Amino acid sequence: MLIVYTLLMYCAVMTLPKWRIPVGLLLCVPQMLRLASFSISADSLTQAVMILFSCLLFRGIIGKRSQRGAVALAVTSVLLAMCKFVYMPLVLLVIPLMFDRVSGRWRVNRGRAVPLLIGVVASGIWTIFWLGVNAWYTNCPMLVSYKQMSERKHALLTDPVAMLDAVKNIAWAITHAQSNMNNRTDSIMIAACWLAIVVSVVVLAVTSVVNACVKSRRKNPVRTANGSINACGVLSLPYAWLIAVVCIGDILLIYLALWLQYDADGLIGVDGMQFRYFLPYAPLFAFVMLESGRRLLKQ
């Protein structure tokens with residue numbers, strides 16, 4: 001696993017057209033290395049594939065787009081869904097890469113759209129298949145039985161009171177940095193992860209406001225002979241917001257899944273959360289913060 005993890009991290013950093021040093025330093029944070037670099041587990045491989053996916057996605061956004069890069073991103077998307085289906089929604093971030101802006105209009109680039117679309121569809125099919133064959137049990141049957149989980153799921157979809165209860169418990173868990181078995185170290189790390197997310201979103205919001213005020217969007221598109229835009233050189237604000245929203249939404253889905261399958265009746269908040277679930281998102285939020293900060297300093 002150490003060899004596999006190291007090779008995937010090398011490939012991830014080498015795919016980046018910029019920010020290699022900051023991302024390389026981020027990948028060397030002890031918490032990221034200690035839990036995933038050598039332990040043979042689904043979580044280790046998931047983190048490695050997720051980081052590779054993030055770097056390939058970032059290269060596709062700001063670098064020269066190609067069919068070869070689209071194929072690599074599509075394959076990685078399917079591998080990500082196979083590793084752990086809870087991260088599958090992030091595959092949707094590749095959809096904007098299917099389009100080029102030509103003469104002021106968005107047009108589908110078939111060379112990239114075909115492999116990317118196959119990757120998204122295959123990821124979805126695999127997730128549906130996996131959930132289907134594993135729908136007969138819960139992750140923690142000693143705390144939540146399959147009957148209880150089914151009742152919660154039904155109530156969540158039909159009862160507004162149950163929906164509100166789920167929202168309240170998730171909000172309580174987030175604001176109190178609740179962790180699995182109330183582990184203090186995990187709680188501190190979860191609070192630090194949420195703080196980093198908030199900081200990245202705040203930097204993005206400030207950049208967006210300043211950008212709107214000065215009425216300027218500094219883009220340096222690289223145009224091909226037919227006038228299409230293969231890259232803009234920077235992470236656009238709409239795409240940055242898309243990454244932030246999808247990542248935060250995916251984290252909330254993890255909280256919801258734990259509320260459904262891990263929380264005993266009468267528990268306040270959401271038990272079962274561990275800070276290691278946040279680590280695979282680190283590169284994406286880092287790209288959002290780095291690109292937003294760079295844009296803000298240049299305005």
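Helices here are DSSP runs of H or I with at least four residues, numbered from the N terminus. The model is a predicted one, in which local features need pLDDT of at least 70, side-chain atom pairs count only at pLDDT 80 or more, and totals for chains, interfaces and linings use all residues. Residues are numbered from 1 along each chain as its sequence is written, and side-chain values use heavy atoms, with hydrogens and water left out.

Beyond its neighbours within four places in sequence, serine 123 is in contact (heavy atoms within 4.5 Å) with Ser77, Val78, Ala81, Met88 and Val91. A polar atom of the serine 123 side chain lies 3.3 Å from the backbone oxygen of serine 77.

Turning to the loops, tryptophan 19 lies between α1 (2-15) and α2 (20-27), and methionine 181 lies between α8 (160-175) and α9. Phi is positive in these non-glycine residues, near 65° for tryptophan 19 and near 60° for methionine 181. Tryptophan 19 is partly exposed at 22% relative accessibility, whereas methionine 181 is exposed at 69%.

Finally, residues of α9 that meet α10 include Trp194, Ile197 and Val201, and their partners in α10 include Trp241, Ala244 and Ile248. By class, this contact of α9 with α10 has 13 nonpolar, three polar and no charged residues (Ala, Val, Leu, Ile, Met, Phe, Trp, Tyr, Cys and Pro are nonpolar, Asp, Glu, Lys and Arg charged, and the others, Gly among them, polar).

Notes: Helix = DSSP H or I, 4+ residues; strand = E, 2+ residues; numbered from the N terminus. Polar contact = N/O pair within 3.5 Å; in protein donor to acceptor, adjacent residues only side chain to side chain. Buried < 20%, exposed > 50% of the residue type's maximum accessible area, 1.4 Å probe, protein only.
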